[in-house]
Amino acid sequence: MNIEQFISMLEEKGISLSSQQLEQFEAYYQLLVEWNEKMNLTAITERSEVYLKHFYDSISAAFYFDFNQPLHICDVGAGAGFPSIPIKIAFPHLKVTIVDSLNKRIHFLENLATELNLENVRFIHDRAETFGQKQENREFYDVVTARAVARMSVLSELCLPLVKIGGTFIAMKAASAKEELDSAKKAISILGGKLQEINSFKLPIEESERNILIIQKEKKTQKKYPRKPGMPNKMPIE
């Protein structure tokens, strides 16, 4: 995906980027490649691939959810900032909190936010399980996002405790989403969520399948969730 395709394909979806936003994406790309030489941030480093598989793919959540509202988003396990930083660049008014368990990645993100002049962003070095047990984080966020972090039964336990009642959990998945969802239905329900919709589409150019799951938080999550670090993965709610 070249820059022109990136611009026009987003415009087709009603998302127009200013020259400043395009400069931010280009600076993001440059910093990602530069830092990737020192630490493992991504296996994808070709400009056209980064624009397609990281930037466009991250923003695709906005094709199915309205980010034009005043929202506070929490991104769990964002790694090099996906999907929340591309969404933040495209919708600058958003407040964003990123939680990641690796301090080196947090250091990269802090540097990135400074270089891109991003406001209302904060980066927390923590495990999602311990972050979600802290009173100030529980049921605090309007939207919680996660992209390719863990299977749905595990991901729901890490994310749903953070979503306020009436808020939304957006899980971004590749091809196996429907199978994952079948085994995660019990977990989603126990944790206070309800599947609102599943949106499937093909990533342009390479035509690989993508799924965006929109889950509504309907009731409070029991205090015991999320369980201790490692437990959701070891013994998923199924």
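Reader: Which residues is R210 in contact with, leaving aside its neighbours within four places in sequence?
Author: R210 is in contact with D57, K173, N199, S200, F201 and L203. Contact means heavy atoms within 4.5 Å. This is a predicted model, where local features need pLDDT of at least 70, side-chain atom pairs count only at pLDDT 80 or more, and totals for chains, interfaces and linings use all residues. Residues are numbered from 1 along each chain as its sequence is written, and side-chain values use heavy atoms, with hydrogens and water left out.

Reader: What does the side chain of R210 do with the side chain of D57?
Author: The two side chains make a polar contact at 3.1 Å. A polar contact is a pair of N or O atoms within 3.5 Å; within protein, one must be able to donate a hydrogen and the other to accept it, and residues adjacent in sequence count only if both atoms are side-chain atoms.

Reader: Is R210 buried or exposed?
Author: R210 has a relative accessible area of 14%, so it counts as buried. The cut-offs are under 20% for buried, over 50% for exposed and partly exposed in between, with a 1.4 Å probe and protein chains only.

Reader: And where is R210 found?
Author: In strand β7, residues 209-217. Strands (E, at least two residues) and helices (H or I, at least four) are DSSP runs, numbered from the N terminus.

Reader: How many helices and strands does the protein have?
Author: Nine helices and seven strands.

Reader: New topic. Where does a cis peptide bond join F82 to its partner, and what is omega?
Author: The cis bond joins F82 and P83, with omega about 10 degrees. P83 sits in the loop between β1 (72-76) and α4 (84-90).

Reader: What about the peptide bond from Y225 to P226?
Author: That bond is cis too, with omega near -5 degrees. P226 is in the loop between β7 and α9 (231-234).

Reader: What is phi of N117?
Author: Near 55 degrees, a positive value in a residue other than glycine. N117 is in the loop between α5 (103-115) and β3 (121-125). N117 is exposed, because its relative accessible area is 63%.

Reader: And E139, buried or exposed?
Author: Buried, because the relative accessible area of E139 is 17%. Phi of E139 is near 50 degrees, also positive in a residue other than glycine. E139 lies in the loop between α6 (128-131) and β4 (141-147).

Reader: Last one: what share of the residues count as buried?
Author: Of the 238 residues of the protein, 55%.
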